[in-house]
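Me: I would like to learn how to read a few local features in a model, starting with backbone angles.
Reply: Look at the entry below, then ask about one feature at a time.

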Amino acid sequence: MARRILVLGSTGSIGTQTLALAREPESGLVVIGLAAQRSWEVLLRQVEEFRPLAVALEDSDAADELRPRLPRGVTLHAGPGAAATLARELDYDVAVHGIVGAAGLAVSVEVLQRGLVLALANKESLVIAGELLMALVREHGGTLVPVDSEHSAVFQCLRGEDLGRVRRVILTASGGPFRESSASEMAAATPAQALAHPNWAMGPRISIGSATLMNKALEVIELHHLFGLGPERIEVVVHPQSIVHSLVEFVDGSVLAQLGPPDMRGPIHYALHHPDRAPAPLVGFDLDLFRRLDFCAPDRARFPALDLGFRCVVEGGDAGAALNAADEVAVAAFLEGQISLVDIPAVNRAALDRRKGDASSFAALLQADQHARAEAQSEVQRRAAAPSTTHTSR
Ligand SMILES: NC(=O)c1ccc[n+]([C@@H]2O[C@H](COP(=O)([O-])OP(=O)(O)OC[C@H]3O[C@@H](n4cnc5c(N)ncnc54)[C@H](OP(=O)(O)O)[C@@H]3O)[C@@H](O)[C@H]2O)c1
C-alpha cells in the first residue's frame with residue numbers, strides 16, 4: 001500500500017531530495033502535504049507536480065501570493081504556526097521533517113503527539129528538547145527515525161542489538177572545507193568559502209555548521225538523546241570521504257558501520273520506508289568511491305565547537321537550546337559579514353555560559369532559546385565592534 005507523506009521544508013535541500021524520491025516510478029509514496037516558509041513559487045511548482053491535499057506557508061505575504069494561484073481543492077494554511085497546523089490536521093503515514101532551525105520544534109511535537117512516524121532531519125528539535133521529545137515517543141507510541149546520515153547509520157547498525165552491549169558510537173565528520181586550513185586562514189574565511197562543502201550540497205545553516213564542526217556538536221547532542229548514550233560512549237572521528245556514515249563498537253570489540261556514497265537520498269529513503277527496506281535507484285558499493293577510506297582525530301584546538309556539544313551533553317537542561325539558538329544568531333551574523341567564522345564558537349560559548357538553566361517544559365526551553373538569542377546578539381555586537389576581530393564580508 002502507498003505511503004502518504006507530509007514533506008515539511010519541501011523547498012529546501014532535504015525537502016527537494018525527498019520529493020525526488022517520491023517522483024521515482026513505483027516509489028510507493030504519495031505526497032499528501034507540503035510546507036515551507038516563504039518560497040511560494042517553488043512550492044507552487046511542487047503543488048502542480050504532486051497535487052497534495054494541503055500546503056502551509058509560514059510567511060503570510062508569501063501565502064497571499066500563492067493563494068490565488070493554487071489549484072482548486074488544495075487547502076492552504078498560512079502564517080506563523082501553519083506547518084504545525086498541517087502536521088496536526090492532515091492524515092499521513094510519515095512526516096519528513098526538513099525545516100531548518102528551532103522553528104521545527106513545534107512541528108516535531110505535533111507529529112509525535114499523534115503517535116505517527118517522524119523522519120527527522122531537523123536535529124534542532126532534539127538538540128533543544130531531546131528529553132521531552134523522547135518522552136512523547138514513549139507516551140504516544142510514535143516512531144522517530146533519524147534522517148541525519150550519521151544517526152541513520154547508527155540506527156541501522158543498532159537494529160536488533162542491545163544498547164547495553166554498545167561500548168561506544170563513533171560519529172564521522174567530513175571535516176568540512178577547512179579541514180586542512182590554518183587557524184589564520186579560518187579566521188579570514190569568507191561566507192562563500194565556508195558555504196562550499198567538499199562532499200555535500202546542503203542549506204546554509206548546516207553548511208556553516210560543517211565548516212566550524214558546530215554541526216557535529218549538535219549531532220553529538222542528537223545522538224545522546226536518540227540512543228540514551230552518555231558522553232563517555234560518544235566519539236567523533238574525521239573521515240574526509242564521507243563514505244562511512246558512522247560506526248558502532250560493541251563490548252566484544254566488533255565494529256559495525258553503515259557505508260554509502262554521500263547522498264542524503266539514502267537516509268531519507270531508509271526513513272520513509274522503515275522498517276522495510278524498499279528498492280531504490282541509489283548507488284551502493286562503488287570501487288572508485290570506496291577505494292580509500294581515511295580516518296583521523298579532529299583538531300579540537302582549531303574546532304573548539306566540538307567540545308561545546310559534549311559540554312551540553314554533560315550539563316543537560318537548557319544547554320542544547322542555548323547552544324542551538326546562539327548558533328543560529330552567530331551563523332546569520334557571519335553570513336552578513338559582522339563576525340568571522342572563528343567568532344561563531346566563541347559567541348556560542350558566551351551564550352552557554354549565561355544560560356538560565358530551566359528545562360522543565362517546552363515553554364521553558366523556548367524561553368531559554370530567546371534568552372540565548374539575546375545573549376548571542378550582544379556578544380556579536382561586542383565582537384563586531386572590537387578592533388581585533390577579523391571579519392570579512394561576502
Ligand atoms: N541538507 C542536508 O543535506 C542535511 C543533512 C542532514 C541534516 N539536515 C538537517 O535538515 C534540516 C534542513 O536542512 P536543509 O539543508 O534542507 O535546509 P534548507 O535547504 O535551508 O531548507 C530549509 C527548509 O525549511 C523551510 N523553513 C525554514 N523556516 C521555516 C519555518 N519557520 N516554517 C516552515 N518552514 C520553514 C524552508 O522554506 P523556504 O524555502 O520557504 O525558506 C526550506 O524549505 C536542518 O535541520 C539540517 O540540519 C540537512
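Me: Where is Leu-213 found?
Reply: Leu-213 is in the loop between H10 and helix H11 (214-227); helices (H or I, at least four residues) and strands (E, at least two) are DSSP runs, numbered from the N terminus. This is a predicted model, where local features need pLDDT of at least 70 and side-chain atom pairs count only at pLDDT 80 or more, while totals for chains, interfaces and linings use all residues. Residues are numbered from 1 along each chain as its sequence is written, and side-chain values use heavy atoms, with hydrogens and water left out.

Me: What is phi of Leu-213 near?
Reply: Most residues other than glycine have a negative phi, and most peptide bonds are trans. Leu-213 has a positive phi, near 70°.

Me: Which peptide bond is cis?
Reply: The one from His-274 to Pro-275, with omega near 5°. Pro-275 lies in the loop between helix H12 (265-273) and helix H13 (287-290).

Me: What is the order of the strands in the open sheet?
Reply: Two strands pair if DSSP finds at least two bridges between them. Here four strands form an open sheet in the order S9-S8-S10-S11, and the pairing is mixed. Strand S9 (234-238) and strand S11 (255-259) are the edges, each pairing on one side only. From one strand to the next the twist averages 20°, with axes taken as lines fitted to C-alpha atoms, for helices over the stretch in contact, and angles running from 0 to 180 degrees between N-to-C directions.

Me: In which sense do S8 and S10 pair?
Reply: Strand S8 (residues 166-173) and strand S10 (residues 244-250) are antiparallel, over five bridges. Val-169 stands opposite Val-248 in S10. Helix H7 (residues 149-157) packs on the sheet and touches S8, S10 and S11, where contact means heavy atoms within 4.5 Å. The direction of H7 makes about 40° with that of S10.

Me: Which residues come nearest to the ligand?
Reply: A residue counts as near if one of its heavy atoms lies within 4 Å of the molecule. Of the 25 residues around the ligand, Thr-11, Arg-38, Ser-39, Glu-58 and Glu-124 come nearest.

Me: What polar backbone atom lies 2.6 Å from a ligand oxygen atom?
Reply: One of Arg-38. A backbone N or O atom of Ile-14 is 2.9 Å from an oxygen atom of the ligand, and one of Gln-37 is 3.0 Å from an oxygen atom of the ligand.

Key:
A polar contact is a pair of N or O atoms within 3.5 Å; within protein, one must be able to donate a hydrogen and the other to accept it, and residues adjacent in sequence count only if both atoms are side-chain atoms.
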